[in-house]
Amino acid sequence: MGKEIFALVGFWEIILSIFMQWQAYTISNIKTFSVQSWILGIFLLWAGVFHGFIALIILALLTIITRAIAMPLYLGNTIRKQIYRARENKHRISTGLSILISLLLAVFGYLVYYLILAGHGQSLVSIPITLMLQGAFLIVSRSNAYSQLIGYLVMENSMFLLSFLFSELPFIVEAGIILDVLGVVVVAGLLMRVRDEDIEKEEELLG
Amino acid sequence: MIYLLPSISATLGAILSFSLFRNKHKEVSVLASFLAFVFSIFLLFEPDRFTAFFYVDSLSKIFLLMISSVYLGVVIFSIGYLEHSHGHFVKSCQYFSLLDIFVGIMLFSVTLNNFGLFWVSIEATTFATALLVASENDIAALEAAWRYIMIVSVGLTIGLVGTLFLYSSAHTLSITDLLSRQNRGSLFFLSGMLLVIGYGTKIGIFPMYTWLPDAHGKAPAPISAIFSAILLPVSLYPLIRFFEVYQNPSLSKFAFVLGFLSVMTGSIMTLNQRLYKRLFAYSSVENMGLSLIGVSLGSYALFGTIVLIFTHAFAKSGVFMLTGNMLHELKTRKIEDVKGLIKIMPKTGLFLFFGALAVTGTPPFATFFGELLIVSKTINYYGWIVGFALFFFLVCGFLFINYRVINMVFNDETKPVSSAKESPFTFVPVIFITLSAFVILIVPIFYRFIEGVIK
């Protein structure tokens with residue numbers, strides 16, 4: 001049953017990340033990330049309760065509090081002060097091509113598993129790999145700082161799925177990862193408030 | 001617990017300079033850095049310690065000393081530097097507080113016995129320092145800080161996958177446990193590759209080095225100094241430990257190739273640099289690439305790496321601090337606008353020249369000795385052609401950097417000479433660059449001290 005639920009969770013995580021690719025409204029992407037994190041948090045909570053792991057329950061609660069609630073709220077508040085960034089009119093890669101590449105990345109994720117990791121007995125590992133690639137693609141396909149940050153957070157969500165699939169990392173490490181990601185989001189939020197992303201060629205950054 | 005004293009000093013400095021002693025934040029930071037330095041010297045004479053949480057051997061102690069020395073110098077130099085700069089993204093107390101916490105994390109990370117916590121602490125240094133990179137608060141500085149936080153965080157995510165694979169393969173992340181286990185499968189090897197790529201991003205290894213020239217170029221001079229001298233070697237530290245645990249010829253080749261490409265890129269890129277801070281940033285790419293080569297080869301090449309990063313820490317931090325003097329007085333970042341530095345700012349000019357010689361591995365600086373060990377081991381392991389190619393790129397880096405520096409320091413043909421006031425804090429880089437010249441004298445002591453780590 002655990003595997004089926006994991007597959008279902010992974011499936012929705014991937015669908016939601018593909019949905020992010022064609023979104024022009026940054027605020028929608030923030031909400032989608034929140035939904036993704038809620039799914040992840042509830043899944044971890046279920047696994048913790050089902051297996052009776054207190055550490056997993058605490059991690060699930062930390063995930064929900066930081067990723068599903070605090071980070072989207074913080075980013076939402078930041079973007080409301082910069083309403084001109086709420087919509088990204090021009091993607092680096094067209095929407096149609098983005099979706100196509102996203103689907104190809106899903107196939108590539110499976111190939112990576114099949115060619116490299118199949119011998120290690122975790123058939124579901126292609127799901128977090130695909131999700132990680134989707135996050136990375138969101139970063140490179142967008143110039144909007146919020147979308148790039150969400151891409152990074154999607155990658156971090158995939159890490160939690162991967163960690164769950166292999167063997168649970170020690171609690172102190174998992175908790176450290178959550179706090180690190182929170183730190184990155186807070187600092188990135190501060191930078192985004194003042195950063196102008198329309199610069200093309202800054203002499204001091206050339207070469 | 002005693003090994004945490006330097007880290008606790010820095011962390012307390014961060015807390016106090018941001019809260020209770022905001023008005024005295026500079027004094028608090030100087031005191032914290034001085035205490036961290038004293039504790040690090042004291043710890044040199046303490047026995048090694050291996051517990052479930054700590055892994056402190058002579059290598060950790062050398063890192064502690066290196067970090068705390070540069071920390072002390074950078075804090076003192078920052079006092080003078082900040083007085084001359086305005087419009088900062090962070091206030092003075094925030095600057096010192098972030099600097100303290102950043103160093104506190106680094107001092108903590110080199111005492112750990114856990115690859116997971118290595119990752120957590122290295123990632124923590126990213127967000128602790130991103131605001132410092134943006135400190136100058138102009139478009140380029142903010143962009144550099146953004147690139148830094150995004151590229152490094154994404155790169156380190158790959159390192160996290162490596163850590164997960166490591167745990168999945170060995171069921172432990174502790175160095176002591178990993179050293180005692182022999183059964184290592186292909187997943188272990190894969191984790192090694194991902195760790196090299198992941199931490200390599202933060203070290204500034206090809207092809208993930210792109211954040212480094214931007215961040216080093218736009219950060220305030222003392223921050224560039226501490227980045228190049230300390231942050232990059234501390235990010236290399238987990239890889240030194242990993243190669244201590246796992247010697248695999250294929251993984252060694254993989255790290256060697258990345259290191260070689262970094263040396264090549266770093267040295268070639270110095271040819272077309274127009275800004276002096278970016279010139280020295282690419283020199284860091286070159287030096288870190290060479291250090292990774294030394295780590296991958298092990299044995300006396302690893303000793304070469306340790307000598308190289310130790311000497312480089314003093315010389316490069318000194319050089320970056322001197323670039324801060326130049327920027328304040330000459331108001332330009334361009335190499336072509338700086339002429340006759342030796343007449344305008346004699347101390348800055350002279351020690352920039354010596355510093356450039358030190359970072360490019362000129363004898364009698366110990367960087368030369370470190371590079372010699374690494375190149376000779378390369379010849380030993382991969383043959384003359386590869387060894388000569390490596391040597392060739394090192395010579396290119398040496399020529400390109402020193403040609404530019406000599407032009408800046410001694411050539412005064414095109415611009416009229418007018419003397420400028422040198423910061424009274426110039427004594428810090430002067431001491432650092434002088435110290436880098438004396439490291440060669442302690443190399444035998446260094447070797448005896450670290451003999452247990454070199455296999």
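A polar contact is a pair of N or O atoms within 3.5 Å; within protein, one must be able to donate a hydrogen and the other to accept it. Keep that cut-off in mind for the first stop. The model is predicted.

**Stop 1: Tyr95(B)**

Select Tyr95(B). Its helix is α4 of chain B, residues 92–109. The side chains of Tyr95(B) and Ser78(B) make a polar contact at 2.9 Å. Show the other neighbours too: Tyr95(B) also touches Leu82(B), Val90(B), Leu132(B), Ser135(B), Pro222(B) and Ile223(B), leaving aside residues up to four places away in sequence. Is Tyr95(B) buried or exposed? The relative accessible area of Tyr95(B) is 1%, under the 20% cut-off, so Tyr95(B) is buried. For scale, pick Leu156(B): 61 residues from Tyr95(B) in sequence, and 25 Å away, C-alpha to C-alpha.

**Stop 2: helix α12 of chain B**

Select residues 276–297 of chain B. This is α12(B), with 22 residues. From first C-alpha to last, α12(B) reaches 32 Å, close to the 32 Å expected at 1.5 Å a residue. Of its 22 residues, 22 are buried, so α12(B) is largely enclosed by the rest of the structure. Step on to Gly298(B), which follows α12(B) and has a positive phi, near 70 degrees.

**Stop 3: α3 against α6 in chain A**

Select residues 54–80 and 145–165 of chain A. These helices, α3(A) and α6(A), pack at about 175 degrees, with axes 12 Å apart. That angle is over 145 degrees, so the two are roughly antiparallel. Show side chains at the contact. On α3(A), include Leu56(A), Arg67(A) and Met71(A); on α6(A), include Tyr146(A), Glu156(A) and Phe160(A). The contact residues divide into nine nonpolar, three polar and two charged.

Notes
Residues are numbered from 1 along each chain as its sequence is written. Chains are lettered from A and ligands numbered from 1 in the order in which they are written. This is a predicted model: local features need pLDDT of at least 70, side-chain atom pairs count only at pLDDT 80 or more; totals for chains, interfaces and linings use all residues. Side-chain values use heavy atoms; hydrogens and water are left out. Axes are lines fitted to C-alpha atoms, for helices over the stretch in contact, and angles run from 0 to 180 degrees between N-to-C directions. Helices (H or I, at least four residues) and strands (E, at least two) are DSSP runs, numbered from the N terminus. Angles under 35 degrees count as roughly parallel, over 145 as roughly antiparallel, 65 to 115 as roughly perpendicular and the rest as oblique. Contact means heavy atoms within 4.5 Å. Ala, Val, Leu, Ile, Met, Phe, Trp, Tyr, Cys and Pro count as nonpolar, Asp, Glu, Lys and Arg as charged, and the others, Gly among them, as polar. The expected span of a helix is 1.5 Å times one less than its number of residues. Buried means under 20% relative accessible area, exposed over 50%, partly exposed in between (1.4 Å probe, protein chains only).
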